[in-house]
Amino acid sequence: MRNLLLTTAVLLTLAAPAAAQTPSPEPGRLFQAAPPAPTWNNVARVNLGVGFYNSGWYNCYTVWGYACTSGTYSSYIPFLVGPQVDFHLGGMHNVSVGLTVGIGTATLTYYDQFNALLTQTANATLWEPTVDYVAKFGSPTNDVVSRFRVGGAMYIGPNSRLGGAGRIGAGASLLNTRRLGVGLDLVFEGGGYDGRWIGGLQLLVSPEIHF
């Protein structure tokens with residue numbers, strides 16, 4: 001028994017320095033916070049949606065004199081598709097450039113000089129380059145970030161007819177902290193096309209890539 005106690009004491013004496021060298025865990029090391037999620041400042045999207053445009057003007061003609069009394073109204077409800085990229089300028093400020101293509105049928109309703117109501121329809125493709133200032137509200141670490149935009153657009157229609165409009169709208173990026181998200185936008189436009197006034201509303205749902 002005496003030899004057993006002596007052997008145990010020797011082993012404990014040899015093990016003590018090794019135990020002293022074993023580092024003890026620092027306070028809180030067992031409960032470290034997860035690394036912060038990546039943040040994305042720029043957005044590339046493909047706008048998909050529908051537009052509602054209308055225009056009106058007077059027809060002027062000469063029948064026993066000059067008159068501008070016959071009204072004309074046109075409507076255009078196209079499917080909208082096109083790329084758009086938001087470039088971050090710092091803080092809440094961004095510039096957004098894009099190209100929207102409208103594909104649909106234009107309907108023209110008018111009265112002729114004999115006060116007869118006539119209607120014409122035609123397929124039309126409208127090309128619309130856009131440049132907007134975009135203010136984004138909310139932290140980049142938020143899963144939902146809202147935005148407000150104001151800018152301008154150019155219209156390029158059939159037979160190279162031209163026009164332009166001002167734009168104002170609001171929207172949001174969903175799943176903003178992830179690489180892939182979804183954008184929702186409502187944009188109002190107003191201006192002129194081929195010498196006539198035009199107004200429109202765009203409803204857009206867009207897959208987004210955040211980078």
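Author: Tyr-53 and Tyr-76 are both buried, that is, under 20% relative accessible area, whereas exposed means over 50% and partly exposed lies in between, with a 1.4 Å probe and protein chains only. The model is a predicted one, in which local features require pLDDT of at least 70 and side-chain atom pairs pLDDT 80 or more, while totals for chains, interfaces and linings use all residues. Residues are numbered from 1 along each chain as its sequence is written, and side-chain values use heavy atoms, without hydrogens and water.

Two aromatic pairs are found when the whole structure is searched. A pair of aromatic rings is described by the distance of the centres and the angle of the planes. Rings of Phe, Tyr and Trp (its six-membered ring) pair if their centres lie within 6.5 Å; planes under 30 degrees apart are stacked, those over 60 edge-to-face, and the rest tilted. The ring centres of Tyr-53 and Tyr-76 are 6.2 Å apart with the planes at 40°, so this pair is tilted. Because Tyr-53 belongs to strand β1 (residues 43-62) and Tyr-76 to strand β2 (residues 66-76), the pair ties together parts that are 23 residues apart in sequence. Strands here are DSSP runs of E with at least two residues, numbered from the N terminus.

Tyr-53 also pairs with Tyr-155, in an edge-to-face arrangement with 6.4 Å from centre to centre and 90° between the planes. Tyr-155 lies in strand β6 (residues 144-156) and Tyr-53 in β1, so this pair ties together parts that are 102 residues apart in sequence. Tyr-155 is buried, as is Tyr-53. Tyr-53, Tyr-76 and Tyr-155 form one aromatic cluster.

Asn-54 counts as partly exposed, at 28% relative accessibility. Its C-alpha atom is separated by 7.4 Å from that of Tyr-73, 19 residues apart along the chain. Beyond its neighbours within four places in sequence, Asn-54 is in contact with Tyr-73, Ser-74, Ser-75, Trp-197, Ile-198 and Gly-199, where contact means heavy atoms within 4.5 Å.

Val-187 is buried, with a relative accessible area of 2%. The C-alpha atoms of Val-187 and Phe-148 are separated by 9.6 Å, the two residues being 39 residues apart along the chain. Neighbours within four places in sequence aside, the contacts of Val-187 are Arg-149, Arg-167, Ile-168, Gly-169, Gly-200, Leu-201 and Gln-202.

Strand β3 (residues 79-90) and strand β4 (residues 93-111) pair in the antiparallel sense over nine bridges; two strands pair if DSSP finds at least two bridges between them. Phe-87 stands opposite Val-95 in β4. The two strands form a hairpin with two residues between them, and Gly-91 in the turn has a positive phi of about 60°. Strand β4 is also paired with strand β5 (residues 117-137), in the antiparallel sense over 19 bridges, and Gly-98 has Thr-130 in β5 as its bridge partner.

Notes: Helices (H or I, at least four residues) and strands (E, at least two) are DSSP runs, numbered from the N terminus.
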